[in-house]
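Biologist: Before I plan any reading of this chain, I would like to go through it with you, taking a few places in turn and asking what the coordinates say about each.

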Amino acid sequence: MRIAFYAPMKAPDHERPSGDRTMARQFLRLLGELGHDVEIASTLRTWEAGSEERQEAILAAAIRERDSLLGRWQARPPDLWFTYHLYHKAPDHLGPAIADALDIAYVVAEPSISPARANGRWRRPWTQARAAMERADALLAITLKDERGLLAAGLPRRKIVRLLPFIDATDVSTCRNEARGALVREFGLDRDRVIAVTVAMMRPGDKLESYRVLARTLATLNRDDMQLLVIGDGPSRGEVEHLLAGRAVFAGIREEEWIRRIMAGCDLFIWPAINEAYGMAILLAQACGCPVAAGDAPGVGEIVNHGDTGLLAPAGDAETLAAAVSGLLDDPALRRSMGDAGRRHVLRHHSCDTARHVLARVLEMRP
């Protein structure tokens, strides 16, 4: 089957690493592994922060892109259009119209809808996103929150399929000594002290607020037996460095392949996860055998088993998160057992193999 793939929020080849880009790439790979001929239909980014003028400009660009694609595919159209991550800030202006014009199936992975955004400055893109979901033949809900949101918005249950967040856990490094040695050499970390790691972009909004909570967590913790490596970059880096001054070593932006190599050398993953959808870095940490201390955002609680693969604190509660980190610092055996449990959990419930089976079933069900 020929599949046209589109990620309106961030294309798979976008220059900035992120969990969204990682998931888009994983869907591309899985579709290919299922034997389909997959083409990135467009790299048009519809993500917009709320300006109605920008929304109009994006819609005009999308109409031009749509007409161009229809002209190109007139003789040999794809069999299915697959959109990854659709919501009010990143509506799909291409897929529904093209699927209608070519009379092909339309599948959306990670659709998200919030009734609270139905009015105000998001009214029009919210309406467009909902219309796309109505047109879809299948909606792959990644989180329970998204599934409930779809049902609350009146989308029919027969269209909704749960697909748990997934990650390729087969090629992660499990060589602790090698990874730890690399961390010591590159960043001057102390091999004999606990190495904690945080992986997140540095941008205004929820990410920056998470870094603020992280700073309060470290101040509350106030221990010198832990080193923190922060992986990430972005427009708020200056403020993040100020918040964590003297308490962290900064690695800057790194590709996932590098992160996979060094994560096994870390003892603990920390992230407050303010309004986090679920957290690809949290999944990766568990896949690498790294126990997690995180904020209990709804999606995070779906991928971390509290008390088994990590410890969760109420979102924004720096004191409780600090207590969780302190407990893990004081108990090396608990860190090891949670790390082992995390890797088993990901392999059992969040692997690419599991996702591949669900995806194959959805594509077989297409009209």
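Predicted model: local features only at pLDDT ≥ 70, side-chain atom pairs only at ≥ 80, totals over all residues.

Biologist: Which residues of helix 5 are buried, and on which side or sides of the helix do they lie?

Modeller: Helix 5 spans residues 144–152, and its buried residues are Asp-146, Glu-147, Gly-149 and Leu-150. Because they cover an arc of only 165° around the axis, they are placed on the same side of helix 5. The face turned away from that buried side carries exposed residues, namely Lys-145, Arg-148 and Ala-152.

Biologist: Against which elements do the buried residues of helix 5 pack?

Modeller: The packing of these buried residues involves both strands and a helix. The partners are strand 4 (105–111), helix 4 (123–135), strand 5 (138–141) and strand 6 (160–162).

Biologist: Is His-85 buried or exposed, and with which side chain does its own side chain make a polar contact?

Modeller: His-85 lies in strand 3, which covers residues 80–86. Its relative accessibility is 11%, under the 20% limit, and therefore His-85 counts as buried. Leaving aside residues up to four places away in sequence, His-85 touches Pro-8, Met-9, Asp-20, Ala-90, Ala-109 and Glu-110. The polar contact of the His-85 side chain, at 2.4 Å, is with the side chain of Asp-20.

Biologist: How far apart in space are Gly-95 and Ala-41, C-alpha to C-alpha?

Modeller: Gly-95 lies in helix 3 (residues 95–102) and, at 0% relative accessibility, counts as buried. Not counting residues up to four places away in sequence, Gly-95 touches Trp-81 and Tyr-106. Gly-95 and Ala-41 are 54 residues apart in sequence, and their C-alpha atoms are separated in space by 9.6 Å.

Biologist: Which element gives the most to the lining of the largest cavity?

Modeller: A search of the whole structure finds one cavity of 30 Å³ or more, and the volume of the largest cavity is about 110 Å³. Its lining consists of 14 residues, with Gln-55, Pro-91, His-93, Pro-125 and Gln-128 nearest the centre. The elements that give two or more residues to this lining are helix 2 (52–72) and helix 4. With four residues, the one that gives the most is helix 2.

Biologist: How many charged residues are in the lining of the second largest pocket?

Modeller: About 360 Å³ of space lies in the second largest pocket, and of its 16 lining residues the closest to the centre are Arg-176, Ala-264, Cys-266, Gly-289 and Arg-336. Helix 13 (residues 332–349) gives the most to this lining, with six residues. By class, the lining of the second largest pocket has seven nonpolar and three polar residues, and the number of charged residues is six.

Terms used: Residues numbered from 1 in each chain as written. Heavy atoms only, no water. Buried < 20%, exposed > 50% of the residue type's maximum accessible area, 1.4 Å probe, protein only. Arc of directions from axis to C-beta. Contact = heavy atoms within 4.5 Å. Polar contact = N/O pair within 3.5 Å; in protein donor to acceptor, adjacent residues only side chain to side chain. 1 Å grid on protein atoms, 1.4 Å probe; cavity = no way out; pocket = protein on both sides within 12 Å on 5 of 7 lines; lining within 4 Å. Points joined across faces, edges and corners; volume = space filled by probe spheres on them. Nonpolar A, V, L, I, M, F, W, Y, C, P; charged D, E, K, R; others polar.
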